[in-house]
Each structure stands twice: as C-alpha cells, then as structure tokens.
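Please look over the sequence and the structure shown here before reading on. The report then takes up a few of the features in turn.

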Amino acid sequence: MASERQVSRMIKQGFLSSDPTLSFNLPSSTTPPQMKMVSNNGRSNRILNNLSPPYTTTPAYPDHQNQTLFQMMSEEQNQQSKISKIMKEFEDLNCYGRGDVRLTVIGKDGHTRISMDVHKRVLLEKSGFFRDTLRGREQGVVMQSVEISDCDDVEVYLETLVLMYSHDLKRRLMDEDVSRVLAFLKVSADIMFETGIESCLECLEAIPWSEEEEEKVVTQLSQLQLCDLASEVLQRVSSEPSTSTRADDIFLRLLSGVMQAKDDKARREMRTLISRFFRENSSDHSNRLDVSKDSLYSLCHRCLSSLILCLSEVTGIDDCRVDRGVLMAQVAREAENMRWIVDILIDRKLGDEFVKLWADQKELALLHSRIPTMYRHEISKITAQLCIAIGRGHLLVPKDCRFSLLSTWLEALYEDFAWMTRSCRSVDKKLVEDGLSQTILTLPLLQQQTILLTWFDRFLSKGDDCPDIQKAFEVWWRRAFFRQYAAEQDNSHLQITVCDHPD
C-alpha cells in the first residue's frame, strides 16, 4: 500500500502519466488472447478466441514485487518510449486519414491498454481473420471498436498491425533479429496476415542463425504448421531423403580426402574434426548416421595395399636413384591413416574383423622385418592399438584370432617398442604394456606360457627396450602353479516335480 501511495503522489506531481492506456505490468496468465468487437452504439458484442499467444521473448517487465520504485519508473518510461516509437511509425505510414476502427490491445494484466484508430479497408485487405470477421458487419456504424485482450507482448501485436501499412515489409524487417521476426510471424499467422507471413519467412530464410536461434526457428515453424510456406526456410536444416541416403558416400569422400591431403597441418585438423563428428554421432543413439562397415573396411584394404607396395619398393630400391626418406614418409603416412580408420572402427564397435585382417598380414610382417626400426615403428603402433582395445574389452574376438595376432606381430612390437615410446609423445608406454598384458592373459594357459617365457628371455637381454609385462608374468605364474583349477564332477541332480491342481 505504501508503494502505491508513493506512485499516486508521483502521478499527481507529474512524474508519472495517469493515462490508463499507458500502464505497464508483467503479464501473468497464459490464457489465449481474446478479441472483442463492439460498435459505437454497443449493438454488437462478440468474443473470439481464435488468437493464441505470440512467440514469447524474454519478458520485458519483471515482477514488480522484486523491484525498486526507480526500476519501475525506468521500465515504464522505457516502455512508453517504445510505444511512442511504434505510434510515430504508424503516423508516418498512414496515408488514409482518420481511422474508422478503434483497435485496442490489452495486456494479460488487464491494465496495459493501447488504443489506435486503424482503417477497416487495410484490415480487410491484409488480414484474413479481420476479413472474415469485419466484412459486412455494422454497415451504418461510423466507428467500430475491436479489442484484443490477454496479449503476452503488447508491443509485438501493435507493431504487427503497423506492419500492415508498410509498402516494403522486407526492408522493414532487415534490422530485426531472429527472435523478433519469429514474434511477428506468430502474430501474422494468428491474424492471417499473408504478406506479413511471407515477408517474415523470406527474412528468416536469408539471415544467419545461431545454434540457439536455429532451434527456436525449427520449433516455431513446426508449431505454426505453415507447411509448404516454411519449406524453403527449413531447407537449411533438413534435406530430402535422397540426400540423407548419400551420407555414406559423403563420409567416404571426406575420409578419403583427409587420407590423401597434401598439407599435413590441414590433414591433422580435419582428421580431428571428423573424428569428433563420429564420436558425437556414436553417443547420439536417437540420431545415428548409418556409415557402412564396408566403406570403412574398403579404406583399410586401400591402406594395406599401399603399405605393402611402399615396403616392397623400400626393400628393393637402389639408394643412389631413389630417396628412401620419401618412401618412408609415405609408409608413416599410410600407417597413420590406418590407425585413424581403426580407431573409428573400434569406436563404432565394428573392429572385430580387422583383428583377423591384421593377423593375416604375413607378407606385410615379413617386409616389416627387413626395414630399419626408425622407419617401420609407425606400423607397430597398429598392433599396440589393437592390444589396448582388446585389453579394455572393446574388441571381442575368438582366442585363435587373438593368438594369431600376437604370433604375427608380437616380435615386431618388441623390436619397435623402444622407438615407439621414445620418439612419439602420443604413445603411452604404460597403456601399451597394460593392453599387451591383458591380451596375453585372455589366451589359454599354455599359450600364455609360450609367450611369457619368450618375453622373459628377451626382457633379461633388452631391459627397458622391451615392454614391461611383469604383472602378466606374475598372474600366469600364480595360475600355473598356485591356483590350479580342476574341473570337478557335478554329482548333484536337478529334480523337477509337476503337480496337477483341480480348478
């Protein structure tokens, strides 16, 4: 009550307007806006509930209970300034003289009332809603009154009505942001302002959107159900089914492009970006892109063929005529490409078949052994990558396949381990050792024994140049000599009794 008396005194002293049409408060309810039509002599009084609230932007008027008097005054003056600007624009656009329809926009609080005299001819020409409502009504009445009540945003309703008088709506909307255009679009759709709808959609189709605005646009257009009218706007975020089905071809092109890129920096950046696309896609099960396994494995076979060709050339070249460093750079590049594709396969749970494919590369392993370690260690990183994935349970392959993998590539991994861990910061020595240990321990006990005894002899002679898998050795030792599990015959018998019960 005290604050009300203060406001009353300020009104009397001239600091605040006492005009009831310029009293601004926060809309509190969410009921649809209503339209009431009355003639100047009160003969017609009809309530229409055809309008729904416009697109809601950030409320301009916070709860006055949490505001100081100065804040209330400042916001009311700010709102009066905006309304005055809208009215000034209306005066500039009005070329029809005095209006014959008194249109009043009322806020949801019931106190915010803005009235303006508009022209029936404009309403009939521009708005399908007013055309259906006003045509042929009260022909003898000089002035009709229309009230639009329960409006969430009085400014938007007023400004949309003023837009009906504009001769170049597209230019008028140029300086508006996406949220404002969506608000105009919502009101235009409510009152069937066809030109306003088309202009708003043209504006939305042309201006950039932020990610947050994009979500608002898609949501708003789907709610308005503008169908074909909004199709061009939504082309920015949706595609025809034929385009979606080509996702596999697009990804294949992107992957191939990165693998063949000439600029190393650009190749690394694009590889990181595409890998992130795959990770995000893998985590979103509701919107997962179906990139075929065949496409990924075709790239693997391409890398394998290139590796075999490069290594064959390296082992048979004449040092005087061919630059071995160039060929070795190609080997490192193809090995890096292979690891990238394998990483994608593992992430998408499609890498099981690659373990067998890699285990079968006897020819490549033989060529690998004939090349200096400083050039070939990039290839051994693929084996380390597979062991880490198997050790973590990310690749589930049969024991024969796991043993074949180690039979083919373990010796090469031993030979290259020192170069791998010392020359490449990206290689985590402990991670490789743990992955190799876990892979070995998944094998049958006799196969563990064969591998670990060989490792034991090698470790004694090479020391730190050999992977430290002592923990795996300890586990094998306990399994072999202390925890001998023997299958005991189960003499228990399960008995099942079936009884019939009368109904």
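What follows goes from the chain as a whole to its charged side chains and then to its surface.

## The chain as a whole

This is a predicted model, and its protein chain has 22 helices and five strands. Of the 503 residues in the protein chain, 44% count as buried, while the accessible surface comes to about 28,700 Å², with 50% of that area belonging to carbon and sulfur atoms.

Among the contacts between residues at least 6 apart in sequence, 73% join residues that are at least 24 apart.

## Salt bridges between helices

Side chains of opposite charge can pair when their charged atoms come close. The count of salt bridges comes to 24, and one of them is formed by the side chains of Glu 415 and Arg 458, at 2.7 Å from N to O. Because Glu 415 lies in helix α19 (residues 399-423) and Arg 458 in helix α21 (residues 445-462), this pair ties together parts that are 43 residues apart in sequence. Glu 415 counts as partly exposed, at 35% relative accessibility, whereas Arg 458, at 15%, counts as buried.

Arg 131 and Glu 194 also meet in a salt bridge, at 3.1 Å from N to O. This pair links distant parts of the chain, since Arg 131 is in helix α4 (residues 128-134) and Glu 194 is in helix α8 (residues 194-206), 63 residues apart. Arg 131 is partly exposed at 22% relative accessibility, and Glu 194 is partly exposed with a relative accessible area of 34%.

Glu 378 forms a salt bridge with Lys 381, and their closest N and O atoms are 3.2 Å apart. The two residues are three apart in helix α18 (residues 373-391), so about one helical turn separates them. Glu 378 is buried, with a relative accessible area of 14%, and Lys 381 counts as buried at 9%.

Elsewhere, salt bridges link Glu 89, Glu 155, Glu 159, Arg 172, Glu 176 and Arg 180 in a network.

## A buried charge without a partner

Glu 433, found in helix α20 (residues 429-441), is buried yet has no salt bridge. The nearest side chain of opposite charge is that of Lys 429, 4.3 Å away, and a salt bridge would need the nitrogen within 4 Å of a carboxyl oxygen. Leaving aside neighbours within four places in sequence, Glu 433 is in contact with Phe 417, Pro 467, Asp 468 and Ile 469.

## A nonpolar patch

Trp 477, Phe 481 and Phe 482 form a nonpolar patch on the surface, and together they have about 370 Å² of accessible area. Phe 481 is placed in helix α22 (residues 470-481) and counts as partly exposed, at 45% relative accessibility.

Conventions: Residues are numbered from 1 along each chain as its sequence is written. This is a predicted model: local features need pLDDT of at least 70, side-chain atom pairs count only at pLDDT 80 or more; totals for chains, interfaces and linings use all residues. Side-chain values use heavy atoms; hydrogens and water are left out. Patches are made of residues with over 30% relative accessible area and no salt bridge: like charges are joined within 9 Å, nonpolar side chains (Val, Leu, Ile, Met, Phe, Trp, Tyr) within 5 Å. Accessible areas come from the Shrake-Rupley method with a 1.4 Å probe; for residues, only the protein chains shown count as cover. Helices (H or I, at least four residues) and strands (E, at least two) are DSSP runs, numbered from the N terminus. Buried means under 20% relative accessible area, exposed over 50%, partly exposed in between (1.4 Å probe, protein chains only). Contact means heavy atoms within 4.5 Å. Lys and Arg count as positive and Asp and Glu as negative; His and the chain ends are not counted.
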